[in-house]
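These are my notebook entries on a two-chain model. I record below what I looked up, one topic to an entry.

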Amino acid sequence: MAEQIIYAMYDDDDVLKDGAKKLVAKGIKVAEVFSPFPIHGIDPIIGIKNTRLGIMAFLYGITGTIIATLGMRYFMISDWPMNIGGKPNFSYLDNILAFIPVTFEFTVLCAAHGMAITYLLRNKTLPGMIASNPDPRTTDDKFVMEFRMSENSNFSSEELLDLIKTTGVSEIDQKSVK
Amino acid sequence: MEFKITKKANLFTIFVMIVGLLFTGIGVALEFGQDHGHHLGQRVLGNMLINSFFFFAIGLGALFFLALQYATETGWYASVKRIIEALTGYLPVGIIMMVVTLLIITLMDGAHIYIWMDPAYTTPGSHHYDAIIEGKSAFLNKPFFWIRTIVYLGTYFIFWRGFKKRSMLEDVEGGTKIHFLNYKKAAIFLVFFAVFSSTSAWDWIMSIDVHWFSTLFGWYIFAGMWCSTMIVLVTLTLYLKKQGYLPNVNESHIHDIGKWTFATSFLWSYLWFSQFMLIWYANIPEETTYHLMRIENFKWLYFGMFLINFSFPMILLMSRDAKRHAGILTFVGVVVLLGHWVDVYLMIMAGSMGPNAFIGFMEIGMMLFALGFFIRVILINLTKAPLTVKNHPFLDESIHHEI
């Protein structure tokens, strides 16, 4: 069955937020909000869970720490023991102070790059990916809420449209996708 | 809303102070038994310096933090402003304690803590004569030391009084005139503080290890001070919140102060490590003495203190939920505050008494007494002003703070 999608466009983010609050209170599920900038406080209203990016950042960071430690252990101690300020050069632990800055930097590097790439991948906004927003104006000064009929099976599309029209919407668009 | 000290809190502070006095008494008696009180003066004065400085620094850190909020025109903190101000209220008391301690030490010619005050070290031909100390005597001498100390303490006091007066006036008058005046004064204070926090650390703490020097030392002391302040601030806020005060303080404020605790403990660890690593790497005898002495005599305490102050906040406060959890914040706070006290202990006692220093009844007793006194002064300060500010330009923003 073809999926019916309703796009409701707003001129103002506060109007959208109030509208979302009102519609969610009536039991309507908002599938997605498109906005040129993050709308503060919209996440809990439309039922988006807290981001797990922090957990990923931690895992990427730990990966960096381990790679840096293993790498330097091999380069500086096992493969070719380096003389570090005349200190014992066959021990990683005795020279660990010299390796901490590099470990730190590599941890940050891995965490930051991992986070940035994950973020872009998750949002499907990596360079070259096809834009998924319904209207190019949502990157300028318009705000769009997306409703899917399959998620709102308690309402007929006419009921849903009537309810959306009470929230100060500026444009409504309907689309059906396979 | 007016704060009232509960009977329990009142008894608690008195109990801590009495236990502290008792322990101090036992410590003094034991000291007499051990070596006929040979180190008694040095040990008592060293402990006085530790506790005067440690708690004075928390008050000063709060004043710095308040000035930082004014100078950056921050909004979120308006709901907890009175708590920060109550912490700064310890400053005049801390100043008196510092002056008394330093005065006794000066009158005793350094009391083996500031050995550069002792003429025996700077008089050529004397048994103890030390050319390095004499070379530093243009800066490290009693009159100049006191001129500097009075300038630091006087400046802090004057700014503290101004901030306090204007804060109360704002409640009555309102408007933005006071806000912009605070903005200007805070910026000026931060300039003074930037210089004085460094130089006062050299004078009061670094001159104990008189041969040794480190340009990073002032920031290291400053970071420790800031971290202790944030810990006390978060613990106090949680306490007041639990007592049912502070209706405007929500989870987001707690989260923000938690973040500050997390960040400042990292700042402290970063500076400690930077100082240690550079000295270790260069391996120059005149620089390594400081760490060598502490590693040889206080290995577990020295590295244990660093590991606890660094890893506890790092591991336990990393997640978002932990920074909003009262139990975790308080637990980490208490442990790390103790860790920072040990940090100051090692700076002062290891520097002055060397291998003879150890944490005994006297150290714990005097610390407990000072802690009880500190908490008491803070609680009394809290009763003196309404816990919620009125007419702060950013109060509305703070009430709706959400992150």
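I began with the order of elements in chain B, which from the N terminus on reads α-α-α-α-α-α-α-α-α-α-α-α-α-α. The count for chain B is 14 helices and zero strands. I note here that the model is a predicted one.

I then looked up the radius of gyration of chain B, which is 22 Å. The globule rule gives 22 Å for 403 residues, so chain B is as compact as a globular protein of that length.

I next asked what share of chain B is buried. Of its 403 residues, 45% count as buried. I also examined the contacts in chain B with a separation of 6 or more, and 81% of them come from residues 24 or more positions apart.

**Helix α3 of chain B**

I took helix α3 of chain B, residues 81-88, as a separate entry; this helix is mostly covered, with eight of its eight residues buried. I used the criterion of 20 or more other C-beta atoms within 10 Å of a residue's own. The buried residues include the charged Lys81(B), Arg82(B) and Glu85(B). Ile83(B), Ile84(B), Ala86(B), Leu87(B) and Thr88(B) of α3(B) are buried as well.

Which helices do the buried residues of α3(B) pack against? I list α2 (40-71), α4 (90-107), α7 (142-173), α9 (217-242) and α13 (361-383) of chain B.

**Chain A: domains and strands**

I turned to the division of chain A. Domain 1 is made of 3-49 + 132-177, and domain 2 covers 53-122. I noted 45 Å between the centres of these two domains of chain A, taken over C-alpha atoms.

I then followed the strand pairing in chain A. Strand β1 (residues 3-10) and strand β3 (residues 143-148) run antiparallel and are joined by six bridges. Within this pair, I found Phe147(A) in β3(A) as the bridge partner of Ile6(A).

Strand β2 (residues 32-34) of chain A also runs antiparallel to β3(A), with three bridges between them. Here I recorded that Met145(A) in β3(A) stands opposite Val33(A).

**Contact between the chains**

My last entry concerns the contact, to which chain B gives seven residues and chain A six residues. I sorted the residues on the side of chain B that touches chain A, and they divide into four nonpolar, one polar and two charged.

Technical notes
Residues numbered from 1 in each chain as written. Chains lettered and ligands numbered in written order. Predicted model: local features only at pLDDT ≥ 70, side-chain atom pairs only at ≥ 80, totals over all residues. Contact = placed C-beta atoms within 7 Å. Domains from an automatic or database assignment. Helix = DSSP H or I, 4+ residues; strand = E, 2+ residues; numbered from the N terminus. Rg over C-alpha atoms; globule rule 2.2 N^0.38 Å. Buried ≥ 20, exposed ≤ 12 C-beta atoms within 10 Å, placed from the backbone. Pairing = 2+ DSSP bridges.
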